[in-house]
Amino acid sequence: MIMKKYSTFLQALCLLALSTVGFSADLIPELKNFEPFVGKTYRAEFANSTPEKPVVDVSRWETHLNGKAVRIEHSINDGAYGGETIIFWDSAEKKIRYFYFTTEGFFTEAEVIFEGDTFVSREVVKGNTGGVSEVKAKAWLNEDGSLRVESKYLKDGKWVVGHEATYVPAPNAKVIFK
């Protein structure tokens with residue numbers, strides 16, 4: 001009985017340790033290009049951020065579903081807005097795809113292609129009442145380890161500049177949802 005209690009305690013301790021530090025499975029070959037991002041937390045101030053109206057985004061990248069997906073959680077301004085992305089290999093379509101779900105209630109579906117070290121996506125927006133129907137984005141790692149993201153939105157039939165940001169590694173930053 002003592003051994004069973006001890007064993008249960010060790011199992012709980014191991015689970016706690018894994019949940020604290022995160023478990024990282026190897027990514028499947030089709031998702032290997034995302035490895036430089038996985039296991040990292042990034043923080044960025046958007047290009048249009050001002051001291052009076054800061055726009056700060058924190059994102060956390062991790063392996064998901066035993067390496068068959070990449071999960072990204074992010075929150076802007078400590079949970080004023082946020083979302084979760086699940087990137088996966090669509091074996092039927094032979095494409096990298098993702099879904100992005102938001103705290104605003106809309107979601108997107110996208111495909112990703114790699115152009116060298118840059119990944120490019122085109123999202124179809126579902127349920128957004130703000131007039132945005134598509135998003136084009138590209139992201140890449142800079143030599144200093146920062147992640148650069150640039151996007152454009154198709155809003156009311158016209159392409160407009162979306163957001164631009166350089167995300168720097170911030171291991172102590174937290175993704176916050178309200």
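**Figure 1. Aromatic pairs in the predicted model.** The structure, a predicted model, holds 10 aromatic pairs. One of them joins Phe-99 and Phe-101: the ring centres are 6.1 Å apart and the planes meet at 15°, so this pair is stacked. A pair of aromatic rings is described by the distance of the centres and the angle of the planes. Phe-99 has a relative accessibility of 24% and therefore counts as partly exposed. Phe-101, at 42% relative accessibility, also counts as partly exposed.

**Figure 2. An aromatic cluster, and a lysine over a tryptophan ring.** Five residues, Phe-34, Phe-37, Trp-61, Phe-114 and Phe-119, form one aromatic cluster. Another view centres on Trp-159, where Lys-136 lies over the face of the ring. The distance from Lys-136 to the ring centre of Trp-159 is 4.4 Å.

**Figure 3. The largest pocket and its lining.** Rolling a probe the size of a water molecule over the atoms shows where empty space is left. The largest pocket contains about 1,100 Å³ of space. It is lined by 37 residues, and the closest to the pocket centre are His-74, Tyr-81, Tyr-100, Tyr-153 and His-163. Eight strands are labelled in this view, each giving two or more residues to the lining: S2 (56-64), S3 (69-76), S4 (81-90), S5 (95-102), S7 (118-126), S8 (132-141), S9 (147-155) and S10 (158-169). Strand S8 gives the most, with 5 residues. By residue type, the lining of the largest pocket divides into 21 nonpolar, 12 polar and 4 charged residues.

**Figure 4. The whole chain, as a guide to the close-up views.** The chain has 1 helix and 10 strands. Read from the N terminus, the order of the elements is α-β-β-β-β-β-β-β-β-β-β. The chain has 178 residues, of which 35% count as buried. Contacts between residues at least 6 apart in sequence were also examined: 30% of them join residues at least 24 apart.

**Figure 5. Trp-140 and its contacts.** Trp-140 is placed in strand S8, the strand that gives the most residues to the lining of the largest pocket. The C-alpha atoms of Trp-140 and Phe-119 are 6.5 Å apart in space, while the two residues are 21 residues apart in sequence. Phe-119 is also a member of the aromatic cluster with Phe-34, Phe-37, Trp-61 and Phe-114. Leaving out residues up to four places away in sequence, Trp-140 touches Asp-117, Thr-118, Ser-146, Leu-147, Arg-148 and Glu-150.

**Figure 6. Ala-44, a buried residue in strand S1.** Strand S1 covers residues 41-45 and includes Ala-44. The relative accessible area of Ala-44 is 2%, so this residue is buried; the cut-off for buried is under 20%. Ala-44 and Thr-166 are 122 residues apart along the chain, yet their C-alpha atoms are separated by 5.7 Å.

**Figure 7. Two loop residues with positive phi.** Most residues other than glycine have a negative phi, and most peptide bonds are trans. Asn-66 has a phi near 55°, a positive value in a residue other than glycine. This residue lies in the loop between S2 and S3. Asn-66 has a relative accessible area of 62% and is therefore exposed. Asp-78 also has a positive phi, near 55°, and is likewise a residue other than glycine. The loop between S3 and S4 holds Asp-78. Its relative accessibility of 52% means that Asp-78 counts as exposed, since the cut-off for exposed is over 50%.

**Figure 8. Gly-131 in the loop between S7 and S8.** Gly-131 lies in the loop between strands S7 and S8. With a relative accessibility of 25%, Gly-131 counts as partly exposed. Gly-131 and Tyr-153 are 22 residues apart in sequence, and their C-alpha atoms are 9.5 Å apart in space. Tyr-153 is also among the residues closest to the centre of the largest pocket. Apart from its neighbours within four places in sequence, Gly-131 is in contact with Leu-154, Lys-155 and Asp-156.

Terms used
Residues numbered from 1 in each chain as written. Predicted model: local features only at pLDDT ≥ 70, side-chain atom pairs only at ≥ 80, totals over all residues. Heavy atoms only, no water. Phe/Tyr/Trp six-rings, centres within 6.5 Å; stacked < 30°, edge-to-face > 60°. Buried < 20%, exposed > 50% of the residue type's maximum accessible area, 1.4 Å probe, protein only. Lys NZ or Arg CZ within 6 Å of the ring centre and 35° of its normal. 1 Å grid on protein atoms, 1.4 Å probe; cavity = no way out; pocket = protein on both sides within 12 Å on 5 of 7 lines; lining within 4 Å. Points joined across faces, edges and corners; volume = space filled by probe spheres on them. Helix = DSSP H or I, 4+ residues; strand = E, 2+ residues; numbered from the N terminus. Nonpolar A, V, L, I, M, F, W, Y, C, P; charged D, E, K, R; others polar. Contact = heavy atoms within 4.5 Å.
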